[in-house]
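Dear colleague,

Please find below the structure that I am handing over to you. My findings follow it.

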Amino acid sequence: MAVDIIIPVYNAYEQLSECLESIWKWTDFKNNRLILIDDNSPDERIKKLLDAQRQEHVIVIHNPQNRGFSANVNIGIAQSDTHNIIVLNSDTVVTKGWVEKLEECAYSDRAIATATPLSNNATLCSVPDFGKENTIPQGYSLDEYAELIERVSMKRYPRIPVANGFCMYIKREAIRKIGGFDAEAFGKGYGEENDFCFRAIEAGYYHAMCDDTFILHTGTQSFTSREKMQYIRAHEEILRQRYGSLVRAVQLHCRNQPNAAVSENIRFWTEFEKNRQCKTILYLLQSDFRPEADNHTGGTQLHVKDLMQGLRKSFFILVAARDASYLNLTLYTKKQEFLFRYYVGPQEEYERFRCGTSAAMYGTILEFFRVSCVHIHHTKGLTLELYYEAKKRGIPVLATLHDYFYVCPGMKLLNGENRLCIGRETEKTCRICAQRQFGIAKTVPYMQVWREECRNALQTAGILIVPSKSAKEIILGYYKELEPKIRVIGHGIPSFGTPKINHSKNRDSFHIAFLGGINMAKGFHHAKALIKSREKGIHWYLFGNFEEQDALQYQKSCFTDSGNYIREELPELLQKHSIDLVCILSVCPETYSYTLSEAVACGIPVLATDIGALGERVREMDCGWLVPQDASAEEILKVIRRLKPKGEAYQRKVQSVKKIRLRTLDEMCRIYQRLYEEEMAGMPQQEHRKQDNRTRQKLVYRQNVMYLNFDAQNLAEHLEEAEKQLHQVTGSYTYRAARLAAAYIPLKRQLAFLLRKGYHWIRRGIHL
């Protein structure tokens, strides 16, 4: 489409020269024209400069007397009755693709009358600080900054109540219907674009922010500050008299800043890009460890959180984790964190191995965050696509097998009757078990399909990490071909200092504790039977939670439920209650067991079942006693009765435990840092990959098509109100997180989810 670029000129020679230079550099004049209108500038250099621009697609007009900005725009509009218009100030510097991007924005909706680009100084379209005169961030040239903004833009083309006359794309259709600028009322400028925009709104149009285009605006050069304020006051009064409600709408927009997500997105990427040399490690896990997230506790979450905290000073750590129906994507830098939320839908009834939408999302994440290394910790409910998308891009992949999910979706290697199935399964028993546990029809060879898909994904990884030798042996029992890839790396634990618990035999009762979440697989049936035995001289404690919360509340004379604990508080809790023994009675093979490490770090011996990592580690550390995996409660009690007097054998074990030195978190993080650096050493230096913005937008668009089935504007209004409340209570970081979340929330029930979470954050006073 043909566009006339109209530049009214009055003095400001240096700014005009720079503006024209940028126009010639970045404008296609095959279809477009440049109309330069000199408004009788006293500076004699202006005439020479403008006359030097004359050629086929350039019109130069010299006014014999000063006409004013609005009249000059109308003169330019009159040069054609078909061309669209761009009104451009002479104190601007345009950037690559500016005309084409403005046009794409303007024609993204028939109801759009004008499109205004982003700028450092454009009031409603100022970035990154709204309404302020910003500067180009340090370390960027103008063209680099404009390229960054285009590359990371969400291309939402959000509504704005008025355009900004520094650079304003106007459709000819709107001019035909409502006319040009009101030169009589706004001759010298200031307010003329508002007047035009308000008329357009009353005629059924709206105005859009072109959020993928940045143009520099150096500021007003034509008038003194005193003159400017006089014009502004006078013209504001005209606007209030003509369009009272629309003027108030602008004021509300300025107060509420509904397009803050655009600025926050740019601010984030600007900070991110400053540290181009800092490599990004992507962690993927099945559930986020953020305290406000759904299901945020667990060994996998704890391990990833430890790695993040220990390594964020050396790398950017990007954590992708499911949170109910969303994928939380949190970037942790040395001192800051940035949260994005992608709607991925509720977890499906059956695990999906491959998914085009999931692949597109992972591809976008890998490219836009310049991920240098991927470390997958769990993929439950998240498909296996990250393995393949990373491999496609030559990004090294590591995977930690925290449980046996890749062997069986049940993860614990227990059948439907809670019995160990290692070495006992057959195709028939697996089909029966799959039906009982997961609702899979017996006609489906599910475990064959499951292991084939998992094997293919795991083979794409360069390194597979398991926390114990026993875990390695079990995995190799199913995937022998993976042996060259597997490394055993145990988890680290915080230093709890010197254990201070008194294990004196003089105390009358023997205190035994269960730690963590105790379900059937973790031995709840044993714990329940032991406590209900009311063994004389024994008091039982729970630091965590039982599968059946109220099952043992009536046993108060011999049982104390202390509730969930924070890891760092555990030594004090164990000391306060003088715990003598910790029972870890899992019936499934643990891959590591954090509770074992916590007990030992606090100087307390353990009684554990002889299976998996529990048996392996108790033997290696000589930190306690073992009972058979299938031991009865009475057999376990027999062992406890021998220990209850706290005789010589017990005291020797206590002393042995106190001498054990566990791997610290710092030591663990150093191991992983070396591992990542070795894996990334052979990679070529990653350059920014120029990605078609339409490709990136397509992912969001697909989600909207699939789930957007009601009035989006109504949702946006509710979101704005929720975001304002969050901002007022919890500060700007939560506000920014909510703004970014708003772009990806497509269902009413997700709005309710956000509001519930917001209320939860408010009550707890959580700052993101």
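The accessible surface of the protein comes to about 33,100 Å², and carbon and sulfur atoms account for 48% of it; such areas come from the Shrake-Rupley method with a 1.4 Å probe. This is a predicted model, in which local features need pLDDT of at least 70 and side-chain atom pairs count only at pLDDT 80 or more, whereas totals for chains, interfaces and linings use all residues. Residues are numbered from 1 along each chain as its sequence is written, and side-chain values use heavy atoms, with hydrogens and water left out.

The protein holds 27 helices and 24 strands (DSSP runs, H or I of at least four residues for helices and E of at least two for strands, numbered from the N terminus). Of its 768 residues, 58% count as buried, meaning under 20% relative accessible area with a 1.4 Å probe, protein chains only. Among contacts (heavy atoms within 4.5 Å) between residues at least 6 apart in sequence, 74% join residues at least 24 apart.

Lys653 lies in helix 22, residues 648–659. Lys653 counts as buried because its relative accessibility is 14%. Leaving aside residues up to four places away in sequence, Lys653 touches Pro605, Asp622, Cys623, Gly624 and Trp625.

With kind regards

Terms used:
Buried means under 20% relative accessible area, exposed over 50%, partly exposed in between (1.4 Å probe, protein chains only).
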